[in-house]
Amino acid sequence: MGVQQNLKFDALVLGGGIAGLEAALNLAEQDFSVAVVEKDASIGGKMIRLSKVFPTLDCSSCITTPKMAAAAHHPKVTLLTYCELQSLERRGDELVALITQKPRYVDLEKCIGCRQCEYQCPVLVPDAEQGGLAARKAIYIPFSNAIPQKALIDPENCILCGRCEKVCPTQAVDFFQKVEDFTLTAATAVIATGFEMMPLEDKVQYGQGQIPDVITALQMERLLAPHGPYNRVLRPYDGKEPDSVAFIQCAGSRDQSMGVPYCSRVCCMYAIKQAMLLSGSLPLADLTVYYLDIRAFGKGYEQFFQNAQAMGVNFVKGKVAYVEPGEGGAVRLRYESQEAEGGVQVVEHDLVVLSLGLLPGWTPGASCALSTGADNFIKTVKPKLAPALTELSGVFVAGAASGPKDIVDSIVEAGAAAMEACRYLAARGFKAAG
Amino acid sequence: MSDAPIEAESRKAALKKLIAARRPQMIAATARMKEQRRALKAIKEHLAGAELTVPEIAAATGLPVSEVLWYVATLKKYGEILEGTKAGAYFRYRLGQVVAAEAEPGSDE
Ligand SMILES: Cc1cc2nc3c(=O)[nH]c(=O)nc-3n(C[C@H](O)[C@H](O)[C@H](O)COP(=O)(O)OP(=O)(O)OC[C@H]3O[C@@H](n4cnc5c(N)ncnc54)[C@H](O)[C@@H]3O)c2cc1C
């Protein structure tokens with residue numbers, strides 16, 4: 001397919017998570033034009049999908065949505081969602097990105113986000129936004145506070161029955177949309193492609209995703225979120241309110257045999273957070289965190305850990321080796337205790353949450369001359385004094401794209417990356433706001 | 001002759017082409033949809049006039065219990081069923097008003 005269009009901006013931000021949005025807003029506030037290229041149908045990254053955030057326990061969507069809206073409404077920011085980056089290369093003074101706009105099969109301009117199509121659609125599909133624990137339709141708006149609040153069709157599940165088209169009040173459904181390629185030229189770029197959780201399907205020791213009551217930490221975030229799949233915490237096996245919940249730390253991280261030798265950095269804190277939130281919603285439940293070390297490194301984090309202990313969360317030092325289905329939906333867990341009793345212990349819990357290792361959200365490979373470190377995250381050339389600098393001149397990195405990190409560090413880095421990009425632009429004669 | 005019928009004709013041809021191109025996915029998706037319809041119908045039938053927990057619905061319908069929860073969560077999301085009172089560690093579910101009215105004898109369904 002031929003390239004249709006060429007868009008030109010001062011800066012390109014790759015990834016519309018919290019780091020990308022923060023970097024884009026900082027650049028836009030300096031009067032530079034910015035394009036945010038996001039692969040998903042909505043901006044917001046992982047943060048918009050979280051329940052509450054450590055250590056403040058702010059409602060995550062309450063503090064992310066205003067940032068998303070600010071980016072969407074900023075006259076200097078253009079959001080390009082549902083776009084796939086094909087390549088990014090330097091040509092003289094310019095960075096040229098080849099981007100594919102994936103078809104939504106819904107006209108973005110016409111769709112008013114009324115969801116009538118979604119209610120009419122007869123096909124149910126496991127909703128990835130809810131960790132697969134409930135369904136969406138084949139035509140759907142990704143989630144209630146998605147930006148843009150526009151529908152899209154999943155062609156793998158659409159049966160072309162035409163109900164959505166008939167009910168749409170603005171004739172926005174367009175089954176004939178096609179993939180469109182375009183180029184985007186910018187003087188500078190910020191890579192903010194974040195992280196993904198390691199897949200569970202190949203982890204034999206954790207049940208390969210086949211044990212309903214063994215879930216990932218991101219699924220637990222959804223269970224705890226107000227608009228989660230059940231609007232409360234129930235075990236996915238049968239809808240029972242769990243009496244005992246276990247968290248398995250370093251489930252994949254700090255383990256060379258699973259390909260992630262590094263520490264994923266945020267798991268201790270989010271597991272403590274989730275246990276604290278559970279102790280609020282399930283006050284009678286036993287909550288146990290199986291850990292190797294607790295890494296509470298940030299401001300206020302140690303206090304947060306101590307609060308969890310004071311609230312009755314049980315911390316057991318030990319390495320969980322294996323989980324398997326127990327009786328009636330329970331999960332049997334085998335671990336090597338490093339507590340006084342020592343040895344291999346076998347216990348059962350109603351629900352088990354895995355703190356799986358974090359992997360890069362994007363690896364450039366052949367699409368871009370950026371290199372990665374041994375951990376496969378984007379390599380930074382001056383990690384101490386200028387952590388936003390990459391090997392490619394004019395290309396900066398922010399947030400979890402350069403390694404697992406929490407929201408505070410992602411925001412700080414996004415500010416640093418935007419500052420580096422502003423300096424880069426100013427040095428080349430681009431004018432910042434006076 | 002007006003443009004409209006021509007447009008309608010070419011649209012029809014384009015749709016035919018699209019259906020041909022997507023046939024394998026459509027066949028698979030239609031089969032899944034039919035299975036889902038059967039499950040949803042069974043769940044709603046057992047909830048007509050009753051408030052049941054997920055394991056009770058599973059026992060009544062013969063569907064796997066975790067599958068029932070998936071459907072119940074989905075029906076709840078789209079307003080077709082409501083959460084009711086608690087029975088031990090489980091919640092009971094009942095039909096929403098619109099669905100309950102449709103399930104009344106003599107209604108169109
Ligand atoms: C279970 C869990 C709970 C957490 N809880 C907390 C908490 O309570 N407090 C806290 O401080 N931190 C928490 N974190 C960490 C927090 O999620 C991260 O700090 C934060 O999301 C990092 O933001 P980011 O923008 O760098 O990356 P992300 O949130 O991953 O966003 C990256 C964005 O880039 C997009 N993208 C990726 N590749 C491409 C591409 N090639 N082209 C275009 N777009 C692309 C993605 O779709 C995504 O939108 C938690 C993490 C997990 C896993």
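These legends walk through several close-ups of a predicted two-chain model.

The model is predicted, so local features need pLDDT of at least 70 and side-chain atom pairs count only at pLDDT 80 or more, while totals for chains, interfaces and linings use all residues. Residues are numbered from 1 along each chain as its sequence is written, chains are lettered from A and ligands numbered from 1 in the order in which they are written, and side-chain values use heavy atoms, with hydrogens and water left out.

**View 1. Chain A as a whole.** Chain A carries eight helices and 24 strands; helices (H or I, at least four residues) and strands (E, at least two) are DSSP runs, numbered from the N terminus. Its C-alpha atoms fill a box of roughly 65 × 60 × 35 Å along the principal axes. Take the contacts (heavy atoms within 4.5 Å) in chain A with a separation of 6 or more: 66% of them come from residues 24 or more positions apart.

**View 2. Chain B as a whole.** Five helices and three strands make up the listed elements of chain B, running α-α-β-α-α-β-β-α from the N terminus on. Buried residues account for 33% of its 109 residues. For contacts in chain B between residues at least 6 apart in sequence, 40% join residues at least 24 apart.

View 3. A disulfide is a covalent bond between the sulfur atoms of two cysteines. Here the term is used for a pair of cysteine sulfur atoms within 2.5 Å. Over all chains the structure holds one disulfide, and this bond links A:Cys59 to A:Cys62, with 2.4 Å from S to S. The torsion about that S-S bond is about 80°, so the disulfide is right-handed. What about A:Cys117? Its sulfur is 6.1 Å from the closest cysteine sulfur, in A:Cys114, so that is too far for a bond, and A:Cys117 is buried at 11% relative accessibility. For A:Cys368, the closest cysteine sulfur sits 17 Å away in A:Cys83, again too far for a bond. A:Cys368 is buried too, at 5% relative accessibility.

**View 4. Helix H5 of chain A under cover.** H5 spans residues 217-224 and is mostly covered, with seven of its eight residues buried. Among them are A:Met220, A:Glu221, A:Arg222 and A:Leu223. The buried residues of H5(A) pack against several elements of chain A, including strand E16 (214-216), strand E17 (244-251) and helix H6 (267-281).

**View 5. Around A:Thr188.** This residue sits in strand E14 (residues 188-191) of chain A. A:Thr188 counts as buried because its relative accessibility is 0%. Leaving aside neighbours within four places in sequence, A:Thr188 is in contact with residues including A:Asp10, A:Leu95, A:Phe396 and A:Tyr424. A:Ala418 is 230 residues from A:Thr188 in sequence, yet the two are 9.9 Å apart, C-alpha to C-alpha.

**View 6. Where A:Leu124 meets chain B.** A:Leu124 belongs to strand E9 (residues 124-126) of chain A. With a relative accessible area of 5%, A:Leu124 is buried. Not counting residues up to four places away in sequence, A:Leu124 touches A:Ala135, A:Arg136 and A:Lys137, plus B:Gln36, B:Leu40, B:Trp70, B:Tyr71 and B:Thr74.

View 7. Most residues other than glycine have a negative phi, and most peptide bonds are trans. The bond from A:Phe54 to A:Pro55 is cis, with omega near -5°, and A:Pro55 lies in the loop between E4 and strand E5 (58-59). The bond from A:Ile147 to A:Pro148 is also cis, with omega near 5°; A:Pro148 is in the loop between strand E11 (139-140) and strand E12 (152-153). As for phi, A:Cys250 has a positive value near 55°. A:Cys250 lies in strand E17 and is buried at 9% relative accessibility. A:Asn376 has a positive phi of about 75°, and lies in the loop between strand E23 (358-360) and strand E24 (395-397). Is A:Asn376 buried or partly exposed? At 42% relative accessibility, A:Asn376 counts as partly exposed.

Technical notes: Buried < 20%, exposed > 50% of the residue type's maximum accessible area, 1.4 Å probe, protein only.
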